[in-house]
Amino acid sequence: MSTSVLEKTTTEPAVAERRRALRGLRVADLGVLAGSAAAGLATGWLLFYRLTGMEGWLGFLLVSYLLFLAIYYFVCRDTLGKVVAGDRLVGVIICSGAVMMLIPLVWLLVFVTIQGLPNLRWTFFTQDQAGIRATDPATVGGGLGAIVGTLEEVGIAMVISVPLGILCALFLNETRSRMRRSVRTFVDAMSGLPSEVAGLFIFSALILTISATTGNGAFSGFMASLALSIIMLPTITRTVEVVLRLVPDGLREASYALGASQARTIWSVVLPTARSGLGTSVVLGIARTVGETAPLIFTAFGTNLLNANPFSGPQDSLPLFVYSRVRLQSEAMQDRAYTGAFVLMVLVLLLFVITRVIARKRHRN
């Protein structure tokens, strides 16, 4: 056997081992990660506090993190090679960013739970705020009117926005009209529309006009739903458009080859294939609007009484319930606001879970 063949045979396992190291982490890799972190903290403390004499925990953490990245990269490069070291470094940076985004979210959830859960009683779901005074305990009264208003307003906004968003996404993705560019530009512009502008638009275009015509106030939950639908529509449209792009063109071509029309192909092939993505778009639309307060101030106006009719009279909602009480000086009112925020958080979670379960079941069927 020649020398070149022997060299090739002996080097192949090393190359394979190095390629496998690009993926997955072993116990030794976790040890290198922990050691680099400890070395970064120790070196950062020495440079930041001892050698330079600076103060502040934020600067210390930033310097230590940069030193940790440098140490980790050079250690991985020395043991695993340049390619693997770069891959590990990028992975650490991405995971660090995810953790930094997760920390304030977890802190917010824990804070709202600690503040709102102790004052939560069953009466919060069965009573409204009629006759409640600022001196009454936080456990007196409830938020039934706010819960009903939130469900009705978001539900009506979904009924308006989901069909329109799906139709608009189908127009942008499934047709070759010259108007697609203009419509897409308009949808992108609406995506950055402040929620206050949507509320002011409904207030000036409809509420003031109806009030001037009838002589009565036109605040209602339906007006709030119209404002929420303006905010929800571009989110659903853009999400559905992205999902429709993921549907393979081969499915459309197979449907056309069997003699199906474009409308039949969209209804029987494209939409069923993208069904799970449609559920995701609904979830994102709910997330975009369920916590909005500014448009509700101009449209629903808010009330302490239960109003189950969204088409007549002011209506309360959980965002308005929280906003109108958290800014008061009464401690009991602020406790009610935290309770309402906790219920809103749980309600959003339930809506997400229900939407995902329905979409998953339909996708399996």
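Trainee: Why is Phe125 called partly exposed?

Mentor: Phe125 has a relative accessible area of 33%. Buried means under 20% relative accessible area and exposed means over 50%, with partly exposed in between (1.4 Å probe, protein chains only). The value for Phe125 falls between these limits, so the residue is partly exposed. The model is predicted, so local features need pLDDT of at least 70 and side-chain atom pairs pLDDT 80 or more, whereas totals for chains, interfaces and linings use all residues. Residues are numbered from 1 along each chain as its sequence is written, and side-chain values use heavy atoms, with hydrogens and water left out.

Trainee: What makes Trp122 and Phe125 an aromatic pair, and of which kind is the pair?

Mentor: The count of aromatic pairs comes to 14. Trp122 and Phe125 form one of tilted geometry, with 5.8 Å from centre to centre and 40° between the planes. Rings of Phe, Tyr and Trp (its six-membered ring) pair if their centres lie within 6.5 Å; planes under 30 degrees apart are stacked, over 60 edge-to-face, and the rest tilted.

Trainee: How do you know which kind of pair Phe124 and Phe321 form?

Mentor: Their centres are 5.7 Å apart and the planes stand at 90°, an edge-to-face arrangement. Phe124 sits in the loop between helix H4 (82–116) and helix H5 (144–174), and Phe321 in helix H13, so the pair ties together parts 197 residues apart in sequence. Helices here are DSSP runs (H or I, at least four residues), numbered from the N terminus. Phe124, at 5% relative accessible area, is buried, and so is Phe321, at 0%. Ring pairs link Trp122, Phe124, Phe125 and Phe321 into a cluster.

Trainee: What makes a set of residues a nonpolar core, and how many residues has the largest one?

Mentor: A nonpolar core is a set of buried Ala, Val, Leu, Ile, Met, Phe, Trp, Tyr and Cys residues joined through side-chain atoms within 4.5 Å. The largest has 34 residues; Ile166, Leu170 and Val290 are among those with the most contacts inside it. H5, helix H8 (221–245), helix H10 (262–273), helix H11 (275–289), H13 and helix H14 (331–364) each supply at least two of its residues. The largest share, 8 residues, comes from H5. Apart from this core lies another, of 11 residues, including Ile207 and Phe219.

Trainee: Why is Asn307 counted as buried?

Mentor: Its relative accessibility is 15%, and this value lies under the limit for buried residues, so Asn307 is counted among them. Asn307 belongs to the loop between helix H12 (294–299) and helix H13 (318–326). A polar atom of the Asn307 side chain lies 3.3 Å from the backbone oxygen of Gly313. Beyond four places in sequence, Asn307 touches Glu152, Ser312, Gly313, Pro314 and Gln315, where contact means heavy atoms within 4.5 Å.

Definitions and conventions: Polar contact = N/O pair within 3.5 Å; in protein donor to acceptor, adjacent residues only side chain to side chain.
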